[in-house]
Amino acid sequence: MWQYLPSPRSVTLAMQVRDPVSRSLSGWMEKTLGRGTVPQYRKAVETELGILEKCYNTSLALIDIHSGKWVCKSVPDQIRRFRECVTSLSADKLWFRLHWVEDHNGDPVRLAYRDQSQRTSGTVLQGIYVDQIINYICAGFHPEQFVITTRTEMSQAPSR
């Protein structure tokens with residue numbers, strides 16, 4: 001996107017994020033069409049947290065845990081590494097394969113839900129915003145070009 005803008009340094013990116021816990025619960029309710037129970041939600045979150053604990057820092061994380069510095073990786077590379085890690089852990093390999101869409105080159109590009117029976121995965125991952133923001137920085141944007149606010153802040157003081 002950076003390379004297509006006439007003057008990319010003059011662009012301000014406004015991002016509105018949700019509280020990650022609210023985002024997770026809301027996503028769960030949407031994906032289960034409001035029929036999910038608290039015990040089912042807890043089990044899905046525990047399962048996902050176990051997978052993220054083992055796979056996140058080796059594949060998706062864009063901050064090096066040892067140096068604290070940003071590490072730019074292509075999105076297809078991040079997703080490919082995540083898929084490899086999840087597949088190596090999961091007896092039910094469908095959890096991941098059904099949730100990523102590939103482009104015409106076979107590169108995984110985005111999360112999608114194609115099988116209604118598998119719609120409960122990814123509710124925690126979607127609320128991890130830091131790497132989504134760093135992907136923009138890796139694409140060439142600078143931190144001072146961002147205005148990041150929460151839904152709560154916008155509803156309490158929309159004119160700021």
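Please keep in mind that the model is predicted.

**Disulfides**

A disulfide is a covalent bond between the sulfur atoms of two cysteines. In this model the count comes to two disulfides. With bonded cysteines counted along the chain, they follow the pattern 1-3, 2-4.

| Pair | Sulfur atoms apart | S-S torsion |
|---|---|---|
| Cys55 and Cys85 | 2.1 Å | about -80 degrees |
| Cys72 and Cys138 | 2.1 Å | about -85 degrees |

Let us begin with Cys55 and Cys85, whose disulfide is left-handed because the torsion about the S-S bond is about -80 degrees. This pair links distant parts of the chain, with Cys55 in helix α2 and Cys85 in helix α3, 30 residues apart. Cys55 counts as buried at 0% relative accessibility, and Cys85 counts as buried at 16%.

Now for Cys72 and Cys138: the torsion about their S-S bond is about -85 degrees, so this disulfide is left-handed. Here, too, distant parts of the chain are linked: Cys72 sits in the loop between α2 and α3, while Cys138 belongs to helix α5 (residues 130–138), 66 residues apart. Cys72 counts as exposed, with 51% relative accessibility, whereas Cys138 is partly exposed at 26%.

Ile63 lies in the loop between α2 (38–59) and α3 (75–89). The relative accessible area of Ile63 is 32%, so this residue is partly exposed.

Conventions: Residues numbered from 1 in each chain as written. Predicted model: local features only at pLDDT ≥ 70, side-chain atom pairs only at ≥ 80, totals over all residues. Heavy atoms only, no water. Helix = DSSP H or I, 4+ residues; strand = E, 2+ residues; numbered from the N terminus. Buried < 20%, exposed > 50% of the residue type's maximum accessible area, 1.4 Å probe, protein only. Disulfide = S-S within 2.5 Å.
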